[in-house]
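Q: I have a structure open and would like to learn how to read its features one at a time. Can you walk me through it?

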Amino acid sequence: TDDEDLRNHGYSEWSSINIDQLPVAVAYPKTTDEVSQIAKICHKYRVPMIPYSGGSSLEANFSAPYGGMSVDFSFMDQILHFHEDDLDIVVQPAVSWMGLNESIKKSGLFFPVDPGPSAKIGGMVGTSCSGTNAVRYGTMKEWVVNLTVVLADGTVVKTRRRPRKSSAGYNLTNLFIGSEGTLGFVTEITLKLAVIPQETSVAVVTFPTIRAAAAAASQVMRAGVPIAAMEIMDEVQMSVINRSGSTSKKWKEMPTLFFKFSGTKAGVQENITLVKAIAKRNKSGNFEFARDAQEQKTLWSARKEALWSMLALREKGAEVWSTDVAVPLSRLCDIIEISKKEMDELGLFASVLGHVGDGNFHESILYDNTNPKEREAVAKCVHDMVDRALEMDGTCTGEHGIGLGKKESLVKELGLDTIGVMRSVKGALDPYWLMNPGKIMDVAA
């Protein structure tokens, strides 16, 4: 119940929204059984429960609007079983995806879902996250075999067994993925693994405008080129990286596409040739290729460090509002161009970046949180972008989740009848609405 500990579990400098209310206590379980005991006690006394793993979510996903108990999984950070020949692994929720890959790299296998560097598996399940590799490997829900879950009353369930495929019963695994801890605590996760590709190449190429870069990205996907990753950053974001000094390289401050190619040596070279031709048709500059593994890491780190680079530039009172949407690929150029124009009109330091291979992009805006007019203008800009995405048959969030910040947008996206089905599921599993209350949808009256 230390004040600083409570603040760390209810406030995040990364989140687009924060509230004054904090949890009243933090529990640190070490086993599924201890999580079950915590849930039973909280259920008995009607105490809200909020799961916490990496603490890097962006929509107040782990905030505590009703106080209650923050359940921090820091001590549940073990790899439990590694089935190398089955290409799967069983982990606890506080295992980081980067640490996991470091632990198993000698096996020739890896876990391909790659969100922010500090993300942990529990939170990745909760938000159904993705990352730069999603265009090739898909999102979190494609890589989870089964889950062990502690329900609100302390009941422990396992969603299925370990084969790669099963048509036995309801798909409870995917019910909990993306539920943001509102249906139960995930305490064990069985993950699929992939084989590390024989060859990987990373390239960076600039374009005269953000629309030209986005058009090239859409054309690469339409041509069916099997790229491993394709990321976009505008000239502002490239400037941010240069100013923050977060990478060892000085970058051209122009709209930029980052490509990752992987596969066999012959396949990688063929794909590079195809992408070069498409980029050239969209007035690209020259491709810059990494010469070795270390340079690959340096080139790709510019994308992976984007949010941290923006945060590093903050002065007192400044905040970064970072949010994401996703649209059908054919509308990507339109929404990026219009949204960037509106951001530029704010007169603030704002950038566009994203996973353009699957129609997902992000806005990051640096603003003065002590200035109500400025915050109001930024909020309008962000909400307009979300509404525009919905008008294009897109979604209000491609990978960050709903949390507190996007509940109204979710209603616009799905409608009250669909939300009503979600509320029924929630009420069946958690009739007292104790599990991460106030997230995704408002608490039942």
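This is a predicted model: local features need pLDDT of at least 70, side-chain atom pairs count only at pLDDT 80 or more; totals for chains, interfaces and linings use all residues.

Q: Where does Arg-331 sit, then?
A: Arg-331 is in the loop between strand 15 and helix 12 (332-345).

Q: Is Arg-331 buried, partly exposed or exposed?
A: Buried means under 20% relative accessible area and exposed means over 50%, with partly exposed in between. Arg-331 has a relative accessible area of 31%, so it is partly exposed. For a sense of scale, Arg-331 and Ala-39 are 45 Å apart in space, C-alpha to C-alpha, and 292 residues apart in sequence.

Q: What about Asn-271: buried or exposed?
A: Asn-271 counts as buried, because its relative accessibility is 8%. This residue belongs to helix 9 (residues 265-281). Setting aside neighbours within four places in sequence, Asn-271 is in contact with Val-225, Pro-226 and Phe-261.

Q: How do I read a sheet?
A: Look at the order of the strands and how they pair. There is an open sheet of 7 strands here, with antiparallel pairing and the order 14-11-13-12-16-17-15. Strand 14 (288-289) and strand 15 (318-326) are the edge strands, each pairing on one side only.

Q: How many bridges join strand 16 to strand 17?
A: There are 7 bridges, and the two strands run antiparallel. To pick out one partner, go to Val-352 and look across to Glu-363 in strand 17.

Q: Which strands of the sheet does helix 10 touch?
A: Helix 10 packs on the sheet against strand 11 (199-206), strand 12 (229-233), strand 13 (256-263), strand 14, strand 16 and strand 17. The direction of helix 10 makes about 50° with that of strand 11. Helix 13 (residues 372-391) also packs on the sheet, touching strand 15 and strand 17. The angle between the directions of helix 13 and strand 17 is about 170°.

Q: And how do I describe two helices packed on each other?
A: Two packed helices are described by the angle between their axes and by the distance between the axes. In this model, the axes of helix 14 and helix 15 cross at roughly 115° and come within 7 Å.

Q: Which residues meet where helix 14 touches helix 15?
A: From helix 14 there are Leu-410, Val-411 and Leu-414; from helix 15 there are Leu-416, Thr-418, Ile-419 and Met-422. By class, this contact has 6 nonpolar residues, 1 polar and no charged.

Q: How do I find the empty space?
A: Rolling a probe the size of a water molecule over the atoms shows where empty space is left. Start with the cavities: the count comes to 4 of 30 Å³ or more. The largest cavity has a volume of about 860 Å³. It has 49 lining residues, and the closest to its centre are Ser-56, Ser-57, Ala-119, Thr-127 and Cys-129.

Q: Which helix gives the most to the lining of the largest cavity?
A: That is helix 4, with 5 residues. Other elements that give two or more residues include strand 2 (49-52), strand 9 (185-192) and helix 11 (306-312). The lining of the largest cavity divides into 19 nonpolar, 24 polar and 6 charged residues.

Q: What is the volume of the second largest cavity?
A: About 40 Å³. Among the residues lining the second largest cavity are Gly-10, Tyr-11, Ile-19 and Phe-62. By class, its lining has 5 nonpolar, 5 polar and no charged residues.

Q: How much space lies in the largest pocket?
A: About 1200 Å³. Of its 29 lining residues, Trp-97, Asn-101, Phe-110, Lys-260 and Lys-297 are the closest to the centre. Helix 10, which packs on the sheet, supplies the largest share of this pocket's lining, with 8 residues. The lining of the largest pocket has 14 nonpolar, 8 polar and 7 charged residues.

Q: Which residues lie nearest the centre of the second largest pocket?
A: Of the 35 lining residues, those are Ser-128, Ile-177, Gly-178, Ser-179 and Met-422. You saw Met-422 in the contact of helix 14 with helix 15. The volume of the second largest pocket is about 870 Å³, and helix 15 gives the most to its lining, with 5 residues. Its lining divides into 14 nonpolar, 15 polar and 6 charged residues.

Notes: Residues are numbered from 1 along each chain as its sequence is written. Side-chain values use heavy atoms; hydrogens and water are left out. On a 1 Å grid over the protein atoms alone, a cavity is a set of points where a 1.4 Å probe fits but cannot get out, and a pocket is an open set with protein on both sides within 12 Å along at least five of seven lines; lining residues have an atom within 4 Å of a point. Grid points are joined across faces, edges and corners, and a volume is the space filled by probe spheres set on the points. Helices (H or I, at least four residues) and strands (E, at least two) are DSSP runs, numbered from the N terminus. Ala, Val, Leu, Ile, Met, Phe, Trp, Tyr, Cys and Pro count as nonpolar, Asp, Glu, Lys and Arg as charged, and the others, Gly among them, as polar. Two strands pair if DSSP finds at least two bridges between them. Contact means heavy atoms within 4.5 Å. Axes are lines fitted to C-alpha atoms, for helices over the stretch in contact, and angles run from 0 to 180 degrees between N-to-C directions. Buried means under 20% relative accessible area, exposed over 50%, partly exposed in between (1.4 Å probe, protein chains only).
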